[in-house]
Amino acid sequence: MTLREFPSEVFPAFPSIKVEAGEAWKNWNFPGTIIALKKPKGESFTSNILINVRHVGLDYRLDNYKSEIKGYANNLLDIKYISEGLHDVNGVEWEVIEYAYIDETSGPLAQLLAACLVKNGSTQSLFTFTGTVSLSNQKDNQDYQEIQWLFFDIGSTLVNEDKAYEVRIKTAISGKNIS
């Protein structure tokens, strides 16, 4: 018999991730997530953020993620896509999809879903971020703005800072005849 171990070179650990959220966002041990936060509001819908990671094959692409989300989202009641596309967050490419829909129990909701791929030894990891808010009684949608900020914060923690700095410098001097 041969011992297999996680983490190991063959079965690498997931890259670390961290997020800094305000005190109103409470830790939430939600099944299937690595980090989950919620912002309780008494009787109304609880804004929440779910972060997960899973190993995927080296042939997995962000288009695969987008297809998975579209397959799920197209069954939602009165779905309206707000935006979708690839976004660079400090040198990491994220597929971002934002939409609003009607939930039979909670009423109108908005979601920001994002995913990126991180090479991890002989595998790659798919990080997913889902933020959900109610659209009822949200004059300026502060929770959604906070979710967008937390997404940016999470995106920046997956970055090799040296590489990100190099990319920013190259971008700043491109076309200026500086090397």
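Select glutamine 111 to begin, and you will find it in strand S6 (residues 107–120), where helices (H or I, at least four residues) and strands (E, at least two) are DSSP runs numbered from the N terminus. The model is a predicted one, in which local features need pLDDT of at least 70 and side-chain atom pairs count only at pLDDT 80 or more, while totals for chains, interfaces and linings use all residues. Residues are numbered from 1 along each chain as its sequence is written, and side-chain values use heavy atoms, with hydrogens and water left out.

**Around glutamine 111**

Glutamine 111 has a relative accessible area of 9% and is therefore buried, a word that stands for under 20% relative accessible area, with exposed meaning over 50% and partly exposed in between (1.4 Å probe, protein chains only). Show its side chain next, and look for the polar contact of 2.6 Å with the side chain of tyrosine 99 and for another, of 2.8 Å, with the side chain of threonine 132. A polar contact here is a pair of N or O atoms within 3.5 Å; within protein, one must be able to donate a hydrogen and the other to accept it, and residues adjacent in sequence count only if both atoms are side-chain atoms. If residues up to four places away in sequence are set aside, glutamine 111 touches Ile97, Glu98, Tyr99, Tyr101, Thr130, Gly131, Thr132 and Tyr144, contact meaning heavy atoms within 4.5 Å.

**The aromatic rings**

Now select tyrosine 99 and tyrosine 101, both of which are buried. The structure holds 7 aromatic pairs, and these two tyrosines form a tilted one, at 5.9 Å centre to centre with 55 degrees between the planes. Rings of Phe, Tyr and Trp (its six-membered ring) pair if their centres lie within 6.5 Å, and planes under 30 degrees apart count as stacked, over 60 as edge-to-face and the rest as tilted.

Move on to phenylalanine 129 and phenylalanine 151, whose tilted pair has its centres 5.6 Å apart and its planes at 55 degrees. This pair links distant parts of the chain, since phenylalanine 129 lies in strand S7 and phenylalanine 151 in helix H2, 22 residues apart. Phenylalanine 129 counts as buried because its relative accessibility is 1%, and phenylalanine 151 is buried because its relative accessible area is 8%.

**The nonpolar cores**

Both phenylalanines, together with Ile49, Trp94 and Leu112, are the residues with the most contacts inside the largest nonpolar core, which has 23 residues. Such a core is a set of buried Ala, Val, Leu, Ile, Met, Phe, Trp, Tyr and Cys residues joined through side-chain atoms within 4.5 Å. Strand S3 (47–56), strand S5 (92–103), S6, strand S7 (123–134) and helix H2 (142–157) each give two or more residues to this core. Select isoleucine 49, and, leaving aside neighbours within four places in sequence, its contacts include Trp25, Phe129, Ile147 and Leu150. Apart from this core lies another, of 16 residues, among them Tyr60, Leu62, Tyr65 and Ala73.

**The whole chain**

Finally, zoom out to the 3 helices and 7 strands of the protein, which run β-β-β-α-β-β-β-β-α-α from the N terminus on. Of its 179 residues, 39% count as buried. Colour the chain by pLDDT, the predictor's confidence in each residue, from 0 to 100: the average is 85, and 84% of the residues score at least 70. Confidence is lowest in helix H3 (residues 161–173), at a mean of 54, and highest in strand S1 (residues 26–27), at 96.
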